[in-house]
Amino acid sequence: MTDVPRRTVRGAAAPRRARLARAAGATAAVLVLATAGAGAWLYQRLDQNITTFSADGIATSRPPVAPPAAGGGRAVNVLLLGSDTRQDGNGSLGGGEEGVGHSDTAILLHVYADHQHAVGVSIPRDTLVTVPACRLPDGRWTAAKHNQMFNSAFTVGEFAKGNPACTQNTVEALTGLRIDHTIVVDFKGFAAMTDAVHGVDVCVPNDVNSYGIHLTKGRQTVSGQTALDYVRARHGFGDGSDIGRVKRQQAFMSSLIKKVQAQGFNPTTILPLADAATKSLTVDPELGSAYKLAEFAQSLQGVKLSDITFVTVPWRYQGERVALVQPDADTLWNLLRQDRTLDGRATASPGASASPSSSASGSSASASASPSGSTAALPPNVPITVHNAAGSPGLAGKAASALRAKGHSDITVGPNTTPRRTTLIEYGPGRNAAAEALAQLYPGAELRADATVDGLALTLGQDSAPADPETEEASPSGTGSARPTALPSTIPTGIAENARPADSDLCSDLSFG
């Protein structure tokens, strides 16, 4: 993976088993720049702080960008990662030796199209997933690997500062969501930002004195090394699992957001805070300047603390690892792909309950091949050719029958095509609106203009195939997790029991086991 200016990320180093890494500072960095209101002179100064990772490692086959909502806004998905690199002075805070960078925590932040609500989904480090093809330092690509710990994606290629592009590819393959931006923060920057905001209020559920981390029970304000210890510590809390640590990190991020939003900044605090934030970051190329980062961050200013919810992806233990619980995990991804709240509502019309989807729920091939919503916006006379690229016998025919049953007469079943993971919708001249309407029925589908297509060509990928219990057992990541599932009318139990409103009390539900 070749890195690009401004600062250069160092190359590969000898492998080692790194310790823990946190993602909370990435949110802080975004909010810092959102509230700073910096001028051009400050942007120029901060530009030299920011590191970008190369776009060469980002997969070429990706979920589509979220379509514009009725009000004109667009949902945004941001992947927040923590890096435990010991490079550039981070070893003094994290201990250990220099080597391969790890990211043991990831939070997928979904900002709704109204830019007034957000959900942060934590993916535990031990979750078993499929790590797709990822780029190595010499330009070669790896083969996809199943049943891998989630945090192993960041180590592919053994880069000293990790491989954020590989983790981004993994999250897109897992969720069917397009990641618009990826932000990585390191130990040193995280500690500096907590100092710059004069500490963050936390609650320590019990005294901790293990693995070099010493914390005292009770409510307190922490910053610097102590703040880093609080979000990194696993042993000494509950059963010592990563699940309990995730809950604590969610509480910490909520408190940090509250602090940043509440205190505001005067000119004497803007520079050191923004300086600390940008020095801590490695970002995707599209956020590779202080101006771009601030412009993006300012678009999030309308999100209030009470309108943010953190969720740990529905999970269960599988031996010493973590497996996703289905269908709840797929339901969660589907809700976010359709920009719905956790109880299936549309944020664009507060209080309006979303109707459950049509027969997309269930495990039969007929249900899985069916569109997942109403076809009212799709003109009934648009020619649609349906192809099967999922390797599931009869899938195209079942999808065609489902469309005909909804009043679409000009449906043709085409030949099977080369297998592909995601569903593809190609459209001819003047058919872009119809293609977007059809895409709403197949969440996660890729849209592509093709002048040779007469009407629409719907190529069903593996994300539209029915669940295969043997396949799911072989790949606990939920390969094919983009397949349509019904929208709930209430929050599913597996999601509700793993959710934490950002305005919860500091001490609420912090221990586990």
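Student: Are F190 and F252 buried or exposed?

Tutor: Both F190 and F252 are buried, where buried means under 20% relative accessible area, exposed over 50% and partly exposed in between (1.4 Å probe, protein chains only). Bear in mind that this is a predicted model: local features need pLDDT of at least 70, side-chain atom pairs count only at pLDDT 80 or more, and totals for chains, interfaces and linings use all residues. Residues are numbered from 1 along each chain as its sequence is written, and side-chain values use heavy atoms, with hydrogens and water left out.

Student: What makes F190 and F252 a tilted aromatic pair?

Tutor: Phe, Tyr and Trp (six-membered ring) rings pair if their centres lie within 6.5 Å; planes under 30 degrees apart count as stacked, over 60 as edge-to-face, the rest as tilted. F190 and F252 sit 5.7 Å centre to centre with 45° between the planes, so the pair is tilted.

Student: Why is the pair W315 and Y317 called edge-to-face?

Tutor: The ring centres of W315 and Y317 are 5.0 Å apart and the planes are at 75°, so edge-to-face it is.

Student: Why does Y317 count as partly exposed?

Tutor: Because its relative accessibility is 38%. W315 has a relative accessible area of 15%, so W315 is buried.

Student: How do you know that D343 and T341 make a polar contact?

Tutor: A polar contact is a pair of N or O atoms within 3.5 Å; within protein, one must be able to donate a hydrogen and the other to accept it, and residues adjacent in sequence count only if both atoms are side-chain atoms. The side chains of D343 and T341 are joined at 2.5 Å, and those of D343 and R345 at 3.0 Å.
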